[in-house]
Structure formats: structure tokens, C-alpha cells
Amino acid sequence: MKTKVFACFFLICSALIGQNKYPIVDQINLSDYKAGTINNIWLQLGDDGFSNPILIPVIIAKGFSEGEVIGLTASIHGNELNGIPIIQNVIASLDAAKMKGTVVAIPGLNPLAIANTQREFIDLQDLNRLFPGKKDGNRSQQMAYQIAQKVIPLFNYHVDLHTASFGRVNSLYGRGDMQEDTLSTMLRILEPDIIVSNKGVASFGEASGLTMRAYAISKGVKSITLEYGNPQVYQQDMIERGTKGVTDLFKWLGFTQGTVTIPPARNVCSKSYWIFTQKGGYLDVLVDLGQKVKKGDPIGILKDPFGEVVEEVNAPEDGIVIGKSSNPVNISGGRIIHLGILE
């Protein structure tokens with residue numbers, strides 16, 4: 001009996017060790033990591049309902065030579081997944097022994113939402129509208145505060161990887177301040193199909209705080225956002241383009257060896273906004289991602305359950321389609337297209 005009990009205990013311990021084979025830390029001190037190595041760790045950002053730590057995966061690639069730090073973050077919205085394999089591919093391509101500076105990569109910044117297959121944090125608030133968060137705030141405010149205190153200060157440069165959310169699809173587009181030379185070049189190297197030039201203001205959603213990008217910029221970090229396609233899927237074309245873009249960015253910034261040709265910016269927009277339905281019904285979006293439209297062009301048609309047209313929607317001004325609804329079912333106020341206004 002004692003032998004069986006010991007064997008059972010050994011198996012349980014082995015399983016727990018297997019699940020936690022990487023160290024758990026409460027803070028990241030980059031000087032703790034040996035030059036020329038790649039390290040996988042778990043960073044604690046608060047506790048869950050069982051008094052267990054909420055852990056995010058962090059990969060630290062420490063170059064052989066000293067230098068600056070670039071951060072890669074993915075899935076601050078839990079259903080935006082294409083950025084995760086982009087980060088994994090980029091890290092797999094690195095030779096830390098030949099690298100300068102440090103890469104801090106987080107392939108899953110909102111673990112509770114990822115596990116629940118949802119966009120928002122556990123209390124259904126958008127983490128990317130709450131920065132810098134609050135030390136003594138509610139659940140999502142404390143999570144944003146933890147990220148603001150423990151992650152953002154590590155970076156000199158930052159690329160935040162997103163996708164569209166449920167019910168919508170996106171082109172590959174970037175957001176950043178095209179009036180700032182470094183940010184403009186970073187965006188051009190990543191080669192998005194469309195660029196929305198702004199300083200970190202959310203393109204939609206109720207914002208009670210800053211986006212992570214806007215907060216990072218306020219702290220002196222050169223931060224941009226890239227939107228890679230659609231939610232809750234891996235899209236190979238988006239992953240390949242993202243991997244190439246980030247790899248080229250590392251070369252241009254001097255983290256890795258090699259030369260990069262800086263391409264011209266395509267389809268730069270001075271602003272963007274969503275167009276919404278005024279009535280409810282079944283929506284047919286009449287335009288494609290990346291399509292340029294003229295003022296007055298039809299962009300959507302809404303029908304009732306009997307097939308009668310209840311609303312026809314036209315473009316309010318000239319622009320380009322950045323994203324669009326993929327869900328035919330809409331109540332009044334449903335999204336139709338995300339329209340970018342070209343410079």
C-alpha cells in the first residue's frame with residue numbers, strides 16, 4: 001500500500017513539475033539573464049480565484065552584445081491569436097549568440113481571456129482601454145496596472161500584435177504616428193497594406209483610459225500596433241508576413257545582422273472610424289477589405305427576415321476599407337465597415 005501511495009504521489013509531483021518547468025518570477029530583471037541565451041519564464045500578474053498566480057509566458061532573448069530592448073506582445077485581447085505564432089517563429093529564428101540587445105516577447109498577454117476564448121478580461125472589460133490601470137482598482141484595472149508596471153518599462157521599442165475581434169475581419173494594417181521618423185520607418189518595414197496615422201487613440205470602443213501603445217509612448221517607448229487579420233484562427237499568410245516583417249525590423253534596428261530595404265508606405269490614412277447600421281436586420285456588406293470607395297458608393301444593405309430591404313448604406317466620404325463585419329445578424333448600431341480616410 002505504501003508503495004502504491006508513494007508511486008501516486010510521485011506521478012502527481014511529476015505532472016506538476018512538468019506543467020511548471022519554467023521559473024516563475026514576480027519581476028523581470030534583465031541583468032539576471034546570461035548574454036547569448038534564450039530564456040522561457042512565467043511572469044506573475046496577480047492571483048486567480050484559487051489563490052494561484054496569474055501567469056503570462058515571457059521569452060527573453062539576451063544578445064551577446066549589450067544594446068536596447070524590443071518588446072513583442074500578442075493577445076492582450078484573448079481571441080486575437082495570429083500574433084502568437086508570429087512571436088514563436090521570430091524567436092525560433094534568433095541566434096542569441098550573434099544578437100545585439102534583448103528581445104522580450106510575450107505570446108499571450110491576457111491568459112484568462114485566451115483560456116475562455118473571449119476578447120475581454122475575466123470581468124468583461126477591455127484591458128487595452130484601461131492603461132495605466134490602478135494599483136487598488138477593480139480586476140481589469142489591476143491587471144492593466146501590473147502590465148504597465150512590470151512589462152512596459154522593459155522596452156525601448158514595442159510592437160503590439162492584434163487581429164480583428166469576433167464578428168469582424170481585418171486587413172493587415174498598422175497604427176502609429178507617421179509624423180515621427182522612427183515609428184514611420186518601423187511601420188514601413190512591417191509592410192502593412194494600410195496605415196492609420198495616430199498617436200495611440202483607440203479606433204473604436206469605450207475608452208476610460210489609454211491603449212497600451214499610447215501608454216508606452218507616454219513613457220518614451222517607440223511603440224506601434226499591427227493588426228494581422230481575423231480572430232480565433234491561425235492564418236498562414238498573415239503569420240508569414242508578420243514573421244518576415246518583425247525579422248526585418250530586428251535587422252533595421254540593429255538587433256540582428258543583415259540589411260533591409262525600407263519600402264514606401266502604402267495607403268496612409270489620417271483617420272479612421274466605423275460606420276454603423278441605423279436599423280436592425282440581416283446585413284450584407286458589399287465591399288471587400290482593402291477596397292477604395294467613393295462618397296456615395298453602396299457599402300451595405302440590411303434586410304428584414306422576409307427579405308425586404310430596410311436600410312441601404314452608402315460611403316459618407318472617399319476612403320479605404322480597413323475592416324468589416326463578418327456577422328450578418330445586427331441590431332441597430334451594428335458595425336458595417338471600418339473606413340480609413342486616405343491622406
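How many salt bridges does the rule count? In this predicted model, the count comes to twelve salt bridges.

The protein is divided into domain 1, residues 24–265, and domain 2, residues 274–342. The centres of domain 1 and domain 2, taken over C-alpha atoms, are separated by 31 Å. At the interface, ten residues of domain 1 are in contact with 13 residues of domain 2. Between them the two domains bury about 1000 Å², of which 66% is on carbon and sulfur atoms. On the side of domain 1, the most area is lost to domain 2 by Arg168, Val169 and Ile194, which together account for 47% of what that side buries.

Asp193 takes part in two of the salt bridges described here. In the pair with Arg241, the closest N and O atoms are 3.0 Å apart. This pair links distant parts of the chain, 48 residues apart, with Arg241 in helix α7 (residues 236–253) and Asp193 in the loop between α5 (181–190) and β9. In the pair of Asp193 with Arg266, the closest N and O atoms are 3.1 Å apart. Arg266 lies in the loop between α7 and β11 (268–276) and Asp193 in the loop between α5 and β9, so this pair ties together parts that are 73 residues apart in sequence. Asp193 is partly exposed, with a relative accessible area of 24%; Arg241 is likewise partly exposed, at 32%, and Arg266 is partly exposed, at 38%.

A further salt bridge joins the side chains of Asp318 and Lys294, at 4.0 Å from N to O. Asp318 is in the loop between β15 (309–314) and β16 (319–325), and Lys294 is in the loop between β13 (292–293) and β14 (298–303), the two being 24 residues apart. Asp318 is partly exposed, with a relative accessible area of 39%, while Lys294 is exposed, with a value of 53%.

Salt bridges also form a network, which links Glu80, Arg119, Asp126 and Arg129.

Definitions and conventions:
Residues are numbered from 1 along each chain as its sequence is written. This is a predicted model: local features need pLDDT of at least 70, side-chain atom pairs count only at pLDDT 80 or more; totals for chains, interfaces and linings use all residues. Side-chain values use heavy atoms; hydrogens and water are left out. Domain bounds come from an automatic or database domain assignment. Contact means heavy atoms within 4.5 Å. Buried area is the accessible area (1.4 Å probe) that two parts lose on being put together, summed over both. Helices (H or I, at least four residues) and strands (E, at least two) are DSSP runs, numbered from the N terminus. Buried means under 20% relative accessible area, exposed over 50%, partly exposed in between (1.4 Å probe, protein chains only).
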